[in-house]
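Here's a quick tour of a few spots worth a look in the viewer.

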Amino acid sequence: MSFSDCRSAKIPMPQVSIETLVKGVVSGESIISFPTDTVPALAVRPDRGELIYIRKQRCHDKPLILMGSQPEELWPYVKGTAQEFQIWQEVVRNYWPGALTLVLPASEKVPVEMNPLDPATIGIRVPNFPIAQEILALTGPLATTSANLSGQAPLETVAEIETQFPQVLTLATSQWKSPKMKTKIPSTVAKWTGIDWVILRQGTVKLIC
């Protein structure tokens, strides 16, 4: 049975290799799922963010997070003064890779599909999880969110994701285990106000500046 047959029949897609996962998301045709250091992610190419909003039944007032394998991949998506970049980079040196999402002013490089109602800002993060970093290094930054229907608890296993999102490409179960998986709590979200940080969601990381 082909991938298109699986989609139309609403039969869970077969678990795939990293190579197939990368090909699917880079093409812009597929939502993929992979483990992170917090909760499992759904991910798409940034300009295809609308796919996630549709599948998750998610309101557009909840932006997606841009996830990359290293900070250098994410800086082109934000804009600020030299002093602001110095502050942000100091935070990143202390907390990344890790469970901290920074909401910063967005550059013109960010597709509106990432944050339809407030395209002036973008959340960025580098996960502390080897498989996630490997995938992101191959794909480039991806638009991500937790794997669950909007308003429901994050899913934790491949089986749960396959049941709720049969059209999503999932990484083979054997790739999900890692000694660095530390928590099932979503990342701390800190927004830059232009002067300081405001915590939008408190996770395990306590931001100290």
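## Aromatic cluster

Trp75, Phe85, Trp88, Trp192 and Trp197 are joined into a cluster by ring pairs. Keep in mind that this is a predicted model. There are 4 aromatic pairs in the structure. Take Trp75 and Phe85: their ring centres sit 5.8 Å apart with the planes at 70 degrees, and since anything over 60 degrees counts as edge-to-face, that's what this pair is.

This pair ties together distant parts of the chain, with the two residues 10 apart: Trp75 is in the loop between α4 (71–74) and α5 (82–95), while Phe85 is in helix α5 itself. As for Trp75, its relative accessibility is 13%, and the cut-off for buried is under 20%, so Trp75 counts as buried.

## How α2 meets α6

Next up is a helix pair. The axes of α2 (18–26) and helix α6 (residues 130–139) come within 10 Å, crossing at roughly 45 degrees. That angle makes α2 and α6 oblique to each other, and their crossing is right-handed.

On the α2 side, the residues in contact are Ile18, Leu21, Val22, Val25 and Val26; they meet Ile131, Glu134, Ile135, Leu138 and Thr139 of α6. Sorted by class, the contact of α2 with α6 has 8 nonpolar, 1 polar and 1 charged residues.

## A buried serine in a loop

Between α2 and β1 (32–34) there's a loop, and Ser30 is in it. Is Ser30 buried or exposed? With 5% relative accessibility, Ser30 counts as buried. The C-alpha atoms of Ser30 and Leu169 are 7.0 Å apart, although 139 residues separate the two along the chain.

Definitions and conventions:
Residues are numbered from 1 along each chain as its sequence is written. This is a predicted model: local features need pLDDT of at least 70, side-chain atom pairs count only at pLDDT 80 or more; totals for chains, interfaces and linings use all residues. Side-chain values use heavy atoms; hydrogens and water are left out. Rings of Phe, Tyr and Trp (its six-membered ring) pair if their centres lie within 6.5 Å; planes under 30 degrees apart count as stacked, over 60 as edge-to-face and the rest as tilted. Helices (H or I, at least four residues) and strands (E, at least two) are DSSP runs, numbered from the N terminus. Buried means under 20% relative accessible area, exposed over 50%, partly exposed in between (1.4 Å probe, protein chains only). Axes are lines fitted to C-alpha atoms, for helices over the stretch in contact, and angles run from 0 to 180 degrees between N-to-C directions. Angles under 35 degrees count as roughly parallel, over 145 as roughly antiparallel, 65 to 115 as roughly perpendicular and the rest as oblique. A crossing is left-handed if the near helix is turned anticlockwise from the far one by less than a right angle, and right-handed if clockwise. Contact means heavy atoms within 4.5 Å. Ala, Val, Leu, Ile, Met, Phe, Trp, Tyr, Cys and Pro count as nonpolar, Asp, Glu, Lys and Arg as charged, and the others, Gly among them, as polar.
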